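Here's a quick briefing to read alongside the model. Take a look at the structure first, then work through the points below.

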Amino acid sequence: MAVPENFDLAHMGAIELRTPKFEESLRFFRDVCAMREVARIGDSAYLRCWDEYQLYSLKLTAFDTNGAGRTLYRASSQDALERRVAAIERTGLGHGWRDPEVGVGRSYEFEDPDGHLMALYYDTEHYVPDDEDRPALKNQASAFPGRGINARRLDHINYLASDVNASGEFWRDVMMARESERVRLDDGRYGAWWFRFHQKSYDVVYSDDWTGERGRFHHFAFAPDSRDDILRAADICLENGIHIEYGPYKHAINQTFFLYVWEPGGNRIEFANAQARLIMDPDSPVVEWSQAERARGQAWGMKTVPTFHTHGTPYVADQEEVDRRAMAGH
Ligand SMILES: [Fe+2]
């Protein structure tokens, strides 16, 4: 049964990423991905992709560990924000209103059932290009950088979860996101669950954390323009010593073309071609894949990399060993 159309959520607005290797991570996002630093406050750099209308999408913070801080989601209007906040408050997962900060107005902070920290906001600061990055066309946020991977915009996020069902039910019933696809395991639980806000086939994903930890980060994705850009991204990462975990290849589920890398701080970052497949049918039913169908691998048959359900951030105490055992098939 499809969830009735609801457009209260506009898109994922920004994320805070923590890194124990701040300078190396900054170099990755600024020079390899071609983001622009727009603010530096305390231990955090604020960065943006070239076609994002808002001030920033990534808050990169020097920290003892890796992992994600808060994810910000933009509501579609003030009314939509208040509707969703009222629904979150009824669950007891709300933390309360927060004062305006860099780039965004008042926000409402909460956590999902797995403990991932999030906030909803509506008021935002629009980016104003300067002489260095003024675009030729007025329907573009800033100039095309023409260097590195040319990441155009932040696209989606995937959270690892100790209980995919609990967080998925929260996004379906409280946030009113629409399900697009999911994997049902043989024991009845969901191994992964994809949600969309509009016609793009996903914005938020939850994946089973085989370490059993709560609240870890799996990856976020940037959208370059094309499949060709993602193939080129693999060459650029190779030349820059960035660890390539998986791809370039095509997903079976939701059919995005992808590349997964680990940035220098150990956080997984994806480059995904998300605009190829849109869901136009307002009554589109959720597409469910069985454990056996999932085990067949990605679109053209390559198996899912074994670290996909073990490597997450912040690292567990024996993360390297856990990843090594996964790669060895244990
Ligand atoms: Fe992804």
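Before we get to the details, one cut-off: a residue counts as buried if 20 or more other C-beta atoms lie within 10 Å of its own, and as exposed if 12 or fewer do. Keep in mind that this is a predicted model. With that cut-off, 44% of the 330 residues of the chain come out as buried.

**The chain as a whole**

- The chain has six helices and 17 strands.
- Its radius of gyration is 19 Å, close to the 20 Å that the globule rule gives for 330 residues, so the chain is as compact as a globular protein of that length.
- Take the contacts with a separation of 6 or more: 65% of them link residues 24 or more positions apart.

**The two annotated stretches**

- An unreviewed UniProt entry lists "domain: VOC" for residues 11-123 and 153-274.
- Residues 11-123 are 22% helix and 43% strand, and the end C-alpha atoms of this span sit 13 Å apart.
- For residues 153-274 the figures are 19% helix and 45% strand, with 11 Å between the end C-alpha atoms.

**Helix α2**

- Helix α2 covers residues 78-91, and its 14 residues reach 21 Å from first C-alpha to last, close to the 20 Å expected at 1.5 Å a residue.
- Which residues of α2 are buried? They are L81, R84 and I88.
- Looking down the axis of α2, these buried residues fall within an arc of 75 degrees, so they line one face of the helix.
- What do the buried residues of α2 pack against? Their partners are four strands: β5 (67-75), β6 (94-98), β7 (107-111) and β8 (117-121).
- On the face turned away from the buried side, α2 carries the exposed residues D79, A86 and R90.

**The nonpolar core**

- As a general rule, nonpolar side chains tend to be buried together in soluble globular proteins.
- Here, the largest nonpolar core has 78 residues, and C33 and L58 have the most contacts inside it.
- Strand β15 (residues 257-262) gives this core its largest share, six residues.
- Where does C33 make its contacts, leaving aside neighbours within four places in sequence? C33 touches F28, G148, I149, A151 and F222, going by C-beta atoms within 7 Å.

Methods. Residues are numbered from 1 along each chain as its sequence is written. This is a predicted model: local features need pLDDT of at least 70, side-chain atom pairs count only at pLDDT 80 or more; totals for chains, interfaces and linings use all residues. UniProt positions are given in the numbering used here, feature names are shortened, and annotations may be inferred rather than shown by experiment. Helices (H or I, at least four residues) and strands (E, at least two) are DSSP runs, numbered from the N terminus. The expected span of a helix is 1.5 Å times one less than its number of residues. The arc is that of the directions from the helix axis to the C-beta atoms. Two residues are in contact if their C-beta atoms, placed from the backbone, lie within 7 Å. A nonpolar core is a set of buried Ala, Val, Leu, Ile, Met, Phe, Trp, Tyr and Cys residues joined through C-beta atoms within 7 Å. The radius of gyration is taken over C-alpha atoms; the globule rule is 2.2 Å times the number of residues to the power 0.38.
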